[in-house]
Amino acid sequence: MRTKNVHAACDRCAALCPTGAIRLDSDLPELTPEQCIKCGVCLHTCPLGVFERPDGFQRLLSNAHSLREHQVVDIACVRHPAPQTTASAVAGVVQTKNCLAELGVSAWVGLLAVGVEQVRVRLDACAECPLRVLYPSIEQGIAATRQLLAELDRADAVVPVYAADADWVERPLHHNTPARLSRRGLFASLVSPEAAAQQQAINLIDEGDGSDQLSRERRRLLKVLRLLTEQMPDLPEAARLDGAGFVQLVVSDACNACGLCERVCPTAALHVTKTDDQFMVIFAAQRCLDCHLCVDYCEPRALTVYGAPSLRHVLDEARLLLHTGHMKECTRCQTRFAGSPEQTLCPTCTFRREHPSGVHLPEAVLAQLPAATRERLLAVNANRASAPEA
């Protein structure tokens with residue numbers, strides 16, 4: 001996003017890094033490897049997936065799926081002192097090789113997609129952990145997951161566990177290492193095509209075009225949501241994807257078809273098509289990250305974030321027609337633009353006529369400039385506008 005707008009306010013990776021290994025001194029993220037402790041929080045936090053390395057995502061899903069009874073599963077981090085002690089209803093505990101902050105919304109939804117009925121996230125040892133600074137990030141990920149699942153009536157399928165109970169017992173502990181296929185597991189895969197198909201689906205989650213502008217976290221989330229909803233024949237048509245960065249955009253009649261929104265979008269979620277006579281604004285909600293670049297750059301303020309997109313539209317990768325209008329030709333520069341019937345000049349020529357030496361920037365961009373620079377530019381425009389015509 002910062003390559004599209006050097007004044008972009010996104011600093012999630014640097015703000016969450018517990019050791020200061022990620023810095024934004026040069027406006028772009030820079031990693032100091034010797035300071036990185038590989039906690040993994042940046043892997044799914046960055047909306048564009050700038051940071052990427054192998055993680056335990058697929059192993060986690062495979063290990064949870066391989067449990068003989070996996071209705072209720074605990075997920076505990078590598079630093080938990082007693083992960084195997086838990087509620088009697090728990091089928092087993094999977095202990096990750098890293099901090100739970102490494103797991104994004106796609107991991108929690110993915111566990112449900114492979115057949116786990118309820119995921120219990122063990123936070124009962126976080127207060128004493130050296131990495132407790134990441135505790136809020138883990139909670140935020142769980143909250144975003146529950147918000148997303150609420151539309152499917154599955155919000156309680158992912159629950160945080162904050163304290164141990166006196167009646168807890170020991171349950172089987174599984175380390176998140178590559179799952180070994182036992183003779184029993186091999187036999188089960190041969191007699192159960194469903195289990196084999198599920199494992200194949202897990203293996204395919206990370207396959208795809210690595211050059212896609214979408215982050216690995218978003219690609220994973222879309223795939224596990226499809227796996228999960230395939231098991232729900234009664235999926236409500238009105239279901240919305242609320243949370244995890246999914247939003248719906250609307251376009252008003254103020255749109256002048258300049259196409260700047262398409263050019264600044266880092267994931268190609270917006271597309272403006274033009275002919276001599278008309279234009280259309282097309283939107284792909286599954287690609288939108290709610291980065292607000294298009295809204296900030298839209299000079300006529302035609303773009304607005306409006307609620308959550310349809311779950312069905314996202315899963316079907318629908319491309320929605322947000323707006324359409326007629327094109328006309330500027331009488332000064334002959335550029336094609338969209339405007340009201342009484343307009344004869346395009347927005348640029350209109351501004352130049354009123355401010356011959358002024359600077360034309362969207363208000364949201366001006367607001368991010370240093371105060372002195374902003375005041376100087378606004379003063380130039382004001383002086384030009386008030387100067388008497390010769």
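A crossing of two helices is called left-handed if the near helix is turned anticlockwise from the far one by less than a right angle, and right-handed if clockwise. Helix 3 passes helix 4 in the right-handed way. The model here is a predicted one, so local features need pLDDT of at least 70 and side-chain atom pairs count only at pLDDT 80 or more, while totals for chains, interfaces and linings use all residues. Residues are numbered from 1 along each chain as its sequence is written, and side-chain values use heavy atoms, with hydrogens and water left out.

First, the overall picture. The chain holds 14 helices and 15 strands, which are DSSP runs numbered from the N terminus (helices: H or I, at least four residues; strands: E, at least two). Of its 390 residues, 45% count as buried; that label means under 20% relative accessible area, with exposed being over 50% and partly exposed in between (1.4 Å probe, protein chains only).

Helix 3 (residues 57-66) and helix 4 (residues 105-113) pack at an angle of about 20°, and their axes lie 9 Å apart. That angle makes helix 3 roughly parallel to helix 4. The cut-offs are under 35 degrees for roughly parallel, over 145 for roughly antiparallel and 65 to 115 for roughly perpendicular, with the rest oblique. Axes here are lines fitted to C-alpha atoms, for helices over the stretch in contact, and angles run from 0 to 180 degrees between N-to-C directions. On the helix 3 side, F57, L60, L61 and A64 make the contact, and helix 4 brings S106, A107, G110 and L111. Sorted by class, this contact of helix 3 with helix 4 has six nonpolar, two polar and no charged residues. Ala, Val, Leu, Ile, Met, Phe, Trp, Tyr, Cys and Pro count as nonpolar, Asp, Glu, Lys and Arg as charged, and the others, Gly among them, as polar. Helix 3 is largely enclosed by the rest of the structure, because seven of its 10 residues are buried. Those buried in helix 3 are F57, L60, L61, S62, N63, A64 and H65.

Helix 4 also packs with helix 8 (residues 216-230), at an angle of about 20° and with the axes 9 Å apart. The two are therefore roughly parallel to each other, but helix 4 passes helix 8 in a left-handed crossing. Helix 4 puts V105, S106, V109, G110, L112 and A113 into this contact, and helix 8 puts in E217, R220, L221, V224, L225, L227 and L228. By class, the contact of helix 4 with helix 8 comes out as nine nonpolar, two polar and two charged residues.

P29 sits in the loop between strand 1 (22-23) and strand 2 (30-31) and is partly exposed, with a relative accessible area of 32%. Leaving aside residues up to four places away in sequence, P29 touches C13, I22, R23, L24 and F51. A144, in helix 5 (residues 135-150), is buried at a relative accessible area of 17%.

Technical notes. Contact means heavy atoms within 4.5 Å.
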